[in-house]
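Here is a short report on one structure. Please keep the sequence and the 3D view open while reading.

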There are 2 protein chains.
Amino acid sequence: MEMQGEGGHPYIPRDLKLPGYVPVSLSQSTILSIFGISSLLVVSFMWILSGRFPKTSKTERWLMCWWIFTGLTHIILEGYFVFSPEFYKEKASLYPAEVWKEYSKGDSRYAARDSCVVAVEGITAVLEGPASLLAVYAIATKKSYRYTLQLAISLGQLYGTAVYFITSYLDGDNFAASMYYYYSYYITANASWVVIPTIISIYCWKKISAALQVQELKKAKLR
Amino acid sequence: MEMQGEGGHPYIPRDLKLPGYVPVSLSQSTILSIFGISSLLVVSFMWILSGRFPKTSKTERWLMCWWIFTGLTHIILEGYFVFSPEFYKEKASLYPAEVWKEYSKGDSRYAARDSCVVAVEGITAVLEGPASLLAVYAIATKKSYRYTLQLAISLGQLYGTAVYFITSYLDGDNFAASMYYYYSYYITANASWVVIPTIISIYCWKKISAALQVQELKKAKLR
């Protein structure tokens, strides 16, 4: 059983109105296990599959694993959130609804449907999700746009995360039910989408610059 | 003299609280003329200067004009807004304060200091502004990263504009003092930051893809 606040829900601020709120029914460990195990399955599948592509480096295989993981997370979980404004009323133990009921303990703006969170999640789910799956395909088939595409999505993820953290800070940074949820959900869960897109952006930037340098040296020689 | 609503200000929603609000003192035509004439001076200066750079195409000269214009707008006007939460109380006819008092008639979220608007404007003023000036330098000196940089800033501008419009829509799209201000300020003034970054993104994407294609063909030949 979870603790209920004045508003009939466990979220902060306590005076947040969520009429018809139905408490999360799965345990935290069940929710995290389902996410962890399905992510592990998807990543393992991609790692094995990518090994069968000719001349694909380990770096490219890790990138394909990241893009399928982040792409499916964006489309399935974040996509569900964007188009389900009343997920907190969900009675059946619908997995994505459980995820957002649980995550809202780290950031109640999800349950409160903060327009900035919805806008960022909308762009993430509708544009960056499918683009991430396209990145898997582009790496596998060595499309010439693969670095540009990965850079574009990574910068988008960084922009979204920046807006997400800055608006919370500006609005008082008081949306977590406890310090535990603040650090484990709000900080830790989002950290991957700061660290990994930063690394990929630098990697792609370098790859593109190297290609442009080669082309310019060639042009200079032709003159 | 401007029309004052219930709240002692001309903005919508009428119940927006802006204690200490001081009405805009410059006329609309003065505010627009100062912006128009200084922009024209900056762009003319850059057009003439860029003509003195060796082997700089007309496209590159136009790009340099755009980047200096958008960079200075981001740093001076949007930078002022981000770090002046009480601009609407400004008594002296301080030009940037006048601009935002006037623009708030098209979108009162500026005067109301909506956290999402502040976050997007903060990223724009602090990161994209200086990066735009760097783009002028990168084009002038033909740095190999110039297309990547221009693509990165343009995608950032598009992301920011998307968040800006989507959040307004989600929050009821009722922040303009009249249809006139809605279309002339909120829609028209922002349209340039949708159209131009889109064109530049496509242009840079193609340039980068072409260079990567050349590099890959070369690699394939070497095998």
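This is a predicted model: local features need pLDDT of at least 70, side-chain atom pairs count only at pLDDT 80 or more; totals for chains, interfaces and linings use all residues.

Over residues 59-201, chain A is 75% helix and 0% strand.

## The interface of chain B and chain A

The size of an interface is often given as the accessible area lost when the parts come together. Here chain B and chain A bury about 3,300 Å² between them. Carbon and sulfur atoms account for 73% of that area. In residue terms, 42 residues of chain B are in contact with 42 residues of chain A.

Polar links also cross between the chains. The count is 4 residue pairs in polar contact, both residues at pLDDT 80 or more. On the chain B side, the elements that give two or more residues to the contact with chain A are helix 4, helix 5 and helix 6. Helix 5 of chain B supplies the largest share, 15 residues. By residue type, the side of chain B that touches chain A divides into 22 nonpolar, 10 polar and 10 charged.

The rule finds 2 salt bridges across the interface of chain B and chain A. Arg146(A) and Glu216(B) meet through their side chains in a salt bridge, at 3.4 Å from N to O.

## Salt bridges within the chains

Side chains of opposite charge can pair when their charged atoms come close. Over all chains, the structure holds 12 salt bridges.

One of them is in chain A, where Glu98(A) pairs with Lys101(A). Their closest N and O atoms are 4.0 Å apart. Glu98(A) and Lys101(A) are separated by about one helical turn, because they sit 3 residues apart in helix 3 (residues 95-103) of chain A. Glu98(A) is buried, at 1% relative accessible area. Lys101(A) also counts as buried, at 1% relative accessibility.

In chain B, Glu60(B) forms a salt bridge with Lys142(B), with the closest N and O atoms 3.3 Å apart. This pair links distant parts of the chain, 82 residues apart. Glu60(B) is in helix 2 of chain B, and Lys142(B) is in the loop between helix 4 and helix 5 of chain B. How accessible is Glu60(B)? Its relative accessible area is 9%, so Glu60(B) is buried. Lys142(B) counts as partly exposed, at 30% relative accessibility.

Asp107(B) lies in the loop between helix 3 (95-103) and helix 4 (115-140) of chain B. Is Asp107(B) buried or exposed? Asp107(B) is buried, because its relative accessible area is 1%, and under 20% counts as buried.

The side chain of Asp107(B) has a charged partner. Arg109(B) and Asp107(B) meet in a salt bridge, at 3.1 Å from N to O. Both of these residues are buried.

Asp107(B) also has a polar partner. A polar contact of 2.5 Å joins the side chains of Asp107(B) and Tyr164(B). Leaving out residues up to four places away in sequence, Asp107(B) touches Tyr164(B), Phe175(B) and Tyr186(B).

## Backbone points to check

In chain A, the bond from Ile12(A) to Pro13(A) is cis, with omega near 0 degrees. Pro13(A) lies in the segment before helix 1 (28-50) of chain A. In chain B, a cis peptide bond joins Ile12(B) and Pro13(B), with omega about 5 degrees. Pro13(B) is found in the segment before helix 1 (28-50) of chain B.

Positive phi values also occur in chain B. Lys55(B), a residue other than glycine, has phi near 50 degrees. Lys55(B) lies in the loop between helix 1 and helix 2 (58-82) of chain B. Lys55(B) is exposed, at 62% relative accessible area.

Asp173(B) is not a glycine either, yet its phi is positive, about 50 degrees. Asp173(B) lies in the loop between helix 5 (146-170) and helix 6 (179-222) of chain B. With a relative accessible area of 30%, Asp173(B) is partly exposed.

Key. Residues are numbered from 1 along each chain as its sequence is written. Chains are lettered from A and ligands numbered from 1 in the order in which they are written. Side-chain values use heavy atoms; hydrogens and water are left out. Helices (H or I, at least four residues) and strands (E, at least two) are DSSP runs, numbered from the N terminus. Buried means under 20% relative accessible area, exposed over 50%, partly exposed in between (1.4 Å probe, protein chains only). A polar contact is a pair of N or O atoms within 3.5 Å; within protein, one must be able to donate a hydrogen and the other to accept it, and residues adjacent in sequence count only if both atoms are side-chain atoms. Contact means heavy atoms within 4.5 Å. Buried area is the accessible area (1.4 Å probe) that two parts lose on being put together, summed over both. Ala, Val, Leu, Ile, Met, Phe, Trp, Tyr, Cys and Pro count as nonpolar, Asp, Glu, Lys and Arg as charged, and the others, Gly among them, as polar.
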